[in-house]
Amino acid sequence: GALIEQDTEDANLHMRHNDELEERKIEINFRRIYQDLKQLDWSKVVWRNVVLFVLLHAYGIYGVWLVLSLQTQWRTLVWSYIMYFHAAMGITMGAHRLWAHRSYKAHTPLRIYLMLCQTVAFQNSIHEWARDHRVHHKYSETDADPHNSRRGFFFSHMGWLMFRKHPKVIEKGKTLDMSDLEADPVVMFQKRNYLWMITILCFVIPTVVPWYFWDENLLTALMVAGFLRYTIVLHITWFVNSLAHWVGSKPFDKSIFPVQNGLVAFLAMGEGWHNYHHIFPWDYRTSELGGWLTAMLNFNFTTTVIDFFAATGQVYDRKTISPEMWKKRMKRTGDGTYDENSPIKWN
Ligand code: ST9
Ligand code: ZN
């Protein structure tokens with residue numbers, strides 16, 4: 001009895017989509033954003049996080065000013081980019097494709113490296129990140145989805161990190177099988193040591209390197225390579241949950257919210273092909289794209305890096321979807337927007 005009840009409930013969570021899909025405008029509508037904001041339950045706000053995010057953005061804006069007013073050395077900018085790149089790899093290649101989805105396997109040296117990169121990004125421990133992400137995939141756009149995009153653009157972008165979680169998130173999250181991550185000593189080491197590790201990797205190293213090696217002003221290094229770089233990586237990541245659930249096409253399945261968004265893919269090293277990814281989450285490319293032009297244009301750079309490590313032997317067992325399979329799915333459920341003649345030619 002209990003089991004059947006549970007299943008029906010899960011099915012219901014999934015099925016109240018369709019009318020809302022019709023209503024939803026594929027555009028960012030500021031009036032809608034405002035209305036959604038008004039409807040959020042403000043008694044659930046975690047003010048400590050609001051204050052921290054306001055401070056972070058104030059420092060980030062100060063960082064922008066230090067860059068635009070030419071007070072930042074070019075070496076510090078290059079260094080900030082290197083930090084951005086590593087943080088991005090820690091999230092896309094590590095937390096997302098390796099640990100949350102297990103779409104490929106990696107040997108311990110590479111897992112340690114990706115864990116360190118993921119710490120540079122300071123987006124919660126791998127274990128917490130992957131649990132939230134698994135529950136997001138399994139219960140997308142329901143109360144059990146941590147960044148449920150039905151609660152509005154802002155909520156799905158960053159608002160969810162400033163509110164107490166919906167009880168369903170925790171309830172459903174506890175039913176997930178996390179034993180694979182709990183058996184990974186690299187993941188568990190990071191979870192146990194998270195606080196000092198983010199301090200060193202997200203803030204101390206990015207700040208001290210420019211100061212020590214090329215005499216950058218310490219405050220400038222902290223604001224630009226630390227806070228500004230951190231803020232940028234956060235927003236790009238959050239765009240996958242906001243923009244890539246709102247603005248774009250649905251060539252693979254028109255009945256879900258996630259969309260294909262090339263801008264997000266470009267910024268997030270290949271993570272904007274979100275309509276595909278929600279249908280085939282175990283594909284290590286998070287898209288059907290392949291080929292050198294995609295790599296050159298940076299539309300899926302993470303895949304290029306995974307392939308590079310596969311060539312060195314550190315990566316193995318990459319899972320993909322065959323073109324026959326995604327084409328079949330596209331014909332059956334897609335919105336008909338797929339452009340087979342696109343200049344960025346895939347397979
Ligand atoms: C950040 C994460 O930014 C961003 C993730 C984005 C994901 C994007 C995915 C898209 C695809 C990949 C794209 C990559 C693109 C990359 C591009 C790069 C250029 N299941 O949390 P608590 C338990 S983080 C099961 O306190 P509250 C939990 O264990 C930014 N259980 O809930 C605990 O139990 P116990 C920095 C769960 O009080 C209890 O529930 N970090 C689950 O409601 C309470 O947990 C922050 O800002 C679950 N899913 O607070 C921190 N979840 O007590 C923000 C929780 O037994 N977080 N539990 O241990 C917080 O402060 C809080 O979590 C909160 C909620 C205020 C949001
Ligand atoms: Zn995913």
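User: Why is F203 called buried?

Analyst: This is a predicted model. In it, F203 has a relative accessibility of 18%. Buried means under 20%, so F203 counts as buried.

User: What makes F227 buried?

Analyst: Its relative accessible area is 15%. The limit is under 20%, so F227 is buried.

User: How many aromatic pairs are there?

Analyst: The count comes to 21 aromatic pairs. F203 and F227 form one that is tilted.

User: Why is the pair of F203 and F227 called tilted?

Analyst: The centres lie 5.4 Å apart, and rings pair if their centres lie within 6.5 Å. The planes are at 45 degrees. Stacked needs under 30 degrees, edge-to-face over 60, and the rest count as tilted. Therefore the F203 and F227 pair is tilted.

User: Which parts of the chain does this pair link?

Analyst: Distant parts. F203 is in helix α12 (residues 194-214) and F227 in helix α13 (residues 218-241). The two residues are 24 apart.

User: What makes Y276 and F280 a tilted pair?

Analyst: The ring centres are 5.1 Å apart, with the planes at 55 degrees. The pairing limit is within 6.5 Å, and edge-to-face needs over 60 degrees, stacked under 30. So the pair is tilted. Y276 and F280 are both buried.

User: Which residues do ring pairs link into a cluster?

Analyst: Y59, F122, Y194, F203, F227 and Y230.

User: How do you know that the charged end of R151 sits over the ring of F155?

Analyst: The charged end of R151 is 4.0 Å from the centre of the F155 ring. The distance cut-off is within 6 Å, and the charge must also lie within 35 degrees of the ring normal. R151 is listed as sitting over the F155 ring.

User: What share of the chain's residues is buried?

Analyst: Buried residues make up 53% of the 347 residues. The secondary structure comes to 18 helices and 2 strands.

How values were computed
Residues are numbered from 1 along each chain as its sequence is written. Chains are lettered from A and ligands numbered from 1 in the order in which they are written. This is a predicted model: local features need pLDDT of at least 70, side-chain atom pairs count only at pLDDT 80 or more; totals for chains, interfaces and linings use all residues. Side-chain values use heavy atoms; hydrogens and water are left out. Rings of Phe, Tyr and Trp (its six-membered ring) pair if their centres lie within 6.5 Å; planes under 30 degrees apart count as stacked, over 60 as edge-to-face and the rest as tilted. Helices (H or I, at least four residues) and strands (E, at least two) are DSSP runs, numbered from the N terminus. Buried means under 20% relative accessible area, exposed over 50%, partly exposed in between (1.4 Å probe, protein chains only).
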